[in-house]
Amino acid sequence: MKRTTLLAFFLSHATEDSLAARSLANRLEMAGFPCWLSQRDALPDIPYQRQVEKALSRSAVVVVLLSRQSIKSMTLYAEVEAAYKFGCLIVPVFVDSTSSEIESLSNTWQVFFASNQSFEWNRTS
């Protein structure tokens, strides 16, 4: 699929991590990098999955906020799986968790993150 990148970042996160996602989006956008953030950019009358796929097809990088809550989210998993299928660069950011905690995930999750850089971010940063 030919990609027309209009967005720099797609932020994938659990509802419990909404404040961290907003904070990160604000920082990225202040630095000049447009972001898609579901709580702000999703429209009520269009199926959510269709909006996610459209945003992913326009994004260069998918930042996945991984926390103890998000690791259990099937919605987050579906977004990461779609990003992987679209060929997006996937960058995990560990929020109030560490990369060592990700080792307890299934092999399927680890496939998404095996060759990527990761970052650890404390919410108070």
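**A quick tour of the model**

Cysteine 88 has a relative accessibility of 9%, so it counts as buried. Cysteine 35 is buried too, at 5% relative accessibility, and there are zero disulfides in the structure. Keep in mind that this is a predicted model.

**Strands E3 and E4**

- Strand E3 (residues 59–66) runs parallel to E4, and the two pair over six bridges.
- One of the residues to look for here is leucine 65, whose bridge partner in E4 is valine 93.
- Strand E4 covers residues 89–95, and six of its seven residues are buried, so the rest of the structure largely encloses it.

**Helix H4, from start to end**

- At the start of H4, serine 73 has a side-chain oxygen that comes to within 3.3 Å of the backbone nitrogen of threonine 75.
- How far apart are the end C-alpha atoms of H4? They are 18 Å apart, which agrees with the 18 Å that 13 residues should span at 1.5 Å a residue.
- The buried residues of this helix are Leu76, Tyr77, Glu79, Val80, Ala82 and Ala83.
- As background for reading that list, an α-helix has 3.6 residues a turn, so residues three or four places apart point the same way.
- After H4 comes glycine 87, and its phi is positive, near 80°.

**Aromatic pairs**

- How many aromatic pairs does a search of the whole structure find? It turns up two.
- Buried or partly exposed: which is phenylalanine 9, and which is phenylalanine 33? Phenylalanine 9 counts as buried, at 16% relative accessibility, whereas phenylalanine 33 counts as partly exposed, at 38%.
- The rings of phenylalanine 10 and tryptophan 36 make a stacked pair, because their centres are 5.0 Å apart and their planes are at 10°.
- This pair also connects distant parts of the chain, with phenylalanine 10 in strand E1 and tryptophan 36 in strand E2, 26 residues apart.
- Phenylalanine 10 is buried, with a relative accessible area of 0%, and tryptophan 36 is buried as well, at 8%.

**Contacts that tie elements together**

- Serine 12 sits in strand E1 and counts as buried, at 0% relative accessibility.
- Which side chain does the side chain of serine 12 make a polar contact with? The partner is the side chain of glutamate 79, at 2.5 Å, and Glu79 is one of the buried residues of H4.
- Alanine 20 belongs to helix H1 and is buried, with a relative accessible area of 6%.
- Although alanine 20 and valine 95 are 75 residues apart along the chain, their C-alpha atoms are separated by 7.9 Å.

Technical notes. Residues numbered from 1 in each chain as written. Predicted model: local features only at pLDDT ≥ 70, side-chain atom pairs only at ≥ 80, totals over all residues. Heavy atoms only, no water. Buried < 20%, exposed > 50% of the residue type's maximum accessible area, 1.4 Å probe, protein only. Helix = DSSP H or I, 4+ residues; strand = E, 2+ residues; numbered from the N terminus. Pairing = 2+ DSSP bridges. Disulfide = S-S within 2.5 Å. Expected span 1.5 Å × (residues − 1). Polar contact = N/O pair within 3.5 Å; in protein donor to acceptor, adjacent residues only side chain to side chain. Phe/Tyr/Trp six-rings, centres within 6.5 Å; stacked < 30°, edge-to-face > 60°.
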